[in-house]
Amino acid sequence: MNRGLLTQRRFAPLFWVQALGAFNDNIFRNTLLLMLTFVAVPRHGWDLGLAINLAAGLFILPFLLLSAWGGELADRCDKRRLVRLLKLAECVLMALAALAIWYQSLMSLFVLLVLMGAQSALFGAVKFAILPHHLPSYELGRGNAWIHVGTFAAILAGALLAGVLAALPAPWSRPAIMGTLIGVAVLGAIASLALPSTRVVPGVARPASASSATSHTPSSTADRGRLRFRPVASLVEVLRSGVQSPVLWSAILGISVFWFLGASFLTQLPAWARVVAGGDAAMLSMLLAAFACGVGAGALACAKLSGGRLELGLVPLGALVIGAASLVLAGVDSATALGQPLSALLEAPGVWRMLAGFSLVGAGGGVYIVPLYTLLQLGSHDAQRGRIIAANNICNALLMVVAAGYGWLMLSGLGLDLQSFVASLGGIALAVGVAMIVRRPRPVLRLLVFVLVALIYRLRLRGRHHVPARGAALVVCNHVSFMDALLIGGACPRPLRFLMDRPIYESPWLNWLFRLVGAIPVDSERSDPGGLRRTLDQVSQALRHGEVVMLFPEGRLTRDGEVQAFRRGLDLILARNPVPVVPVGLAGLWGSWTSNRHAPALTRPPRRFQARVALVFGEPVSAAEATRAGLSARVKALKREADDWISPGHREASRGAAE
């Protein structure tokens, strides 16, 4: 995992702005909950459950009312300036909160809770909309992972610090809380001053690039006229924008499921710590730490496994991990005694099982959520990304409200215990994961292929960011072995449709797999004169839908390890569909049992695994400049570069070695 992002101005200021904001939010909210518990209930006789639910509802309400308007602000204003204004507003609100805490004015704190919710709702749209301005597409997954790590670490630290500050002696407790709230807000405002510029002319979309990918055109009417405060109309327009794109709407629903499950777990965590674990506040802190650390570890693992790709195959796998870990938690027996000290609890195997279970739930959530946020950013246009993210935030808030109702129904209405409730959440997660795999199996297969290739070969990759982040493209590569298509398909940052000979395509054992991954069969002109036209029609259809198609222009496996002459099929495809062409050079597979060296491919048993293989992607070539001779020369140069990348000490061994 590259930690360099945390030291670079293009990312570090936003990371700290977000982390410090989440940290302050949780200090403030947990301080309010402590005051409700230890001041409002004994002094004023308030109903604790009603007061806590009221506080939660007041914080979520602004997300429903103001997120849409915040999305419009994010799309039409300078995002850097908007972040700075929101952090300045946080400083003012925290100063007022400090006064309310000093005078123990609960009503003032409730009002400030609503205002903090409004500030968070407006900031929620811009924080993810600003990230693609500074990070290219192949770094967005890493950036989103670190944002989630910072957020959940801040949630944990804020909850713990609020308890520590509240436990200080009376003369020091309130001043310490006040100083912390104001100090953290000021630090966040200072961090916002280091944000790079992101000024965009309203209504003018940035050109497609590695940091801007979209599958639809932004609404022009939403970018005209004066910006007005119209929360209801903005809400309708924002939700309509999200629904218009099936891909984005699927991502929004997937993210909302995450927050439904997360809210359900976190809401019942205090009860679980007391009733099931038999502990006190220290046990609650341990469980919360396990969950938060799990999310962070899962997010970082997701970024590492993705390797710069948008790896949607990780999403259903993350859901399956959440479901399996939930079922493990559901099998834990409740404690026989309550309020036991943490030191005694840690001697029981069941408590370690709980900590492992909540860590795995969090890890599954981290793996699940990062690709979906990356898809939301890559799939939305700069001119309306804020509104798309606002639509996501609205749906997230709605699903968190549904989570509260679901928890009440299952626990109070149906009288289930906490283990059964957690088992029901696991069932929901498993159903979501299975449904995703059934509906779109190709991303999962692509991920499994990449893992298989990584196990078989010591794979080195370079230049994958040259594959366009959006739109149609051709990928052309030298053809060394029968493993080439699987290797390139797993390593490419976008899913590929690849061409293959019909006899192989119609293999009785593998035809189902080739159909599933969208392979395009190629017929010989001699055996079927109309076959070439059908193949070209399928390729044209894929390119018109914005897909990436891979082909081996040589038409056959190399007989001597060198690049052979390119055939005319490449010219025919580009004549029909003038799309960018990405040349690729492959080295390290010549001499494997799937190549033609020494004997025909697949006629010898494999003799060695973990051969060194290098794959180098070159810069895209426009259709106007793409010729067979020119592309052949580029592929040969990239192949030489890939050869040179394999260390000289291993080059001869890799050429003569089998997998």
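Author: What follows is a set of questions and answers on the terms applied to this structure. It is a predicted model, in which local features need pLDDT of at least 70 and side-chain atom pairs count only at pLDDT 80 or more, while totals for chains, interfaces and linings use all residues. Residues are numbered from 1 along each chain as its sequence is written, and side-chain values use heavy atoms, with hydrogens and water left out.

Reader: What makes F258 count as buried?
Author: Buried means under 20% relative accessible area, exposed means over 50%, and partly exposed lies in between (1.4 Å probe, protein chains only). F258 has 6% relative accessibility, so F258 counts as buried. Y368 is buried because its relative accessible area is 2%. Of the 659 residues of the protein chain, 53% count as buried.

Reader: Why is Q104 called partly exposed?
Author: Its relative accessible area is 26%, so Q104 is partly exposed. Q104 lies in the loop between α3 (79–102) and α4. Although Q104 is not a glycine, its phi is positive, about 50°.

Reader: How do you know that the end-to-end distance of helix α10 agrees with its length?
Author: Helices (H or I, at least four residues) and strands (E, at least two) are DSSP runs, numbered from the N terminus. The expected span of a helix is 1.5 Å times one less than its number of residues. Helix α10 (residues 281–306) has 26 residues and should span 38 Å; its end C-alpha atoms are 37 Å apart, which agrees. After α10 comes G307, whose phi is positive, near 60°. The protein chain has 23 helices and 7 strands.

Reader: What makes strand β7 largely enclosed?
Author: In strand β7 (residues 611–617), 7 of the 7 residues are buried, so the strand is largely enclosed by the rest of the structure. Both faces are covered: A611, V613, L615 and F617 are buried on one side, and R612, A614 and V616 on the other.

Reader: Which strands pair with β7, and in which sense?
Author: Two strands pair if DSSP finds at least two bridges between them. Strand β1 (residues 457–462) pairs with β7 in the parallel sense over 6 bridges, and A611 in β7 is the bridge partner of Y457. Strand β6 (residues 581–587) pairs with β7 in the antiparallel sense over 4 bridges. In that pairing, V584 stands opposite F617.

Reader: Why is helix α17 described as mostly covered?
Author: Of the 8 residues of helix α17 (residues 484–491), 7 are buried. Among them are D484, L487 and I488.

Reader: What makes a set of residues a nonpolar core?
Author: A nonpolar core is a set of buried Ala, Val, Leu, Ile, Met, Phe, Trp, Tyr and Cys residues joined through side-chain atoms within 4.5 Å. The largest one here has 134 residues, of which F28, W272 and L287 touch the most other members. A second, separate core of 34 residues includes V480, F498, M500 and V613.

Reader: Which residues does L287 touch?
Author: Contact means heavy atoms within 4.5 Å. Not counting residues up to four places away in sequence, L287 touches L269, W272, A273, M354, L355 and F358.

Reader: What does S264 contact, and is S264 buried or exposed?
Author: S264 lies in helix α9, and at 2% relative accessibility S264 counts as buried. Leaving aside neighbours within four places in sequence, S264 is in contact with A403, F421 and L425.

Reader: Why is the pair of F128 and Y373 called stacked?
Author: Rings of Phe, Tyr and Trp (its six-membered ring) pair if their centres lie within 6.5 Å; planes under 30 degrees apart count as stacked, over 60 as edge-to-face and the rest as tilted. By this rule the count comes to 11 aromatic pairs. F128 and Y373 are 4.4 Å apart centre to centre with 20° between the planes, and the pair is stacked. F128 is in helix α4 (residues 106–129) and Y373 in helix α13 (residues 349–378), 245 residues apart. Both F128 and Y373 are buried.

Reader: What makes F258 and Y368 a stacked pair?
Author: Their centres are 6.5 Å apart and the angle between the planes is 15°, which is stacked. F258 lies in helix α9 (residues 246–276) and Y368 in helix α13, so the pair ties together parts that are 110 residues apart in sequence. Ring pairs link F258 and Y368 into a cluster with F152, W259 and F291.
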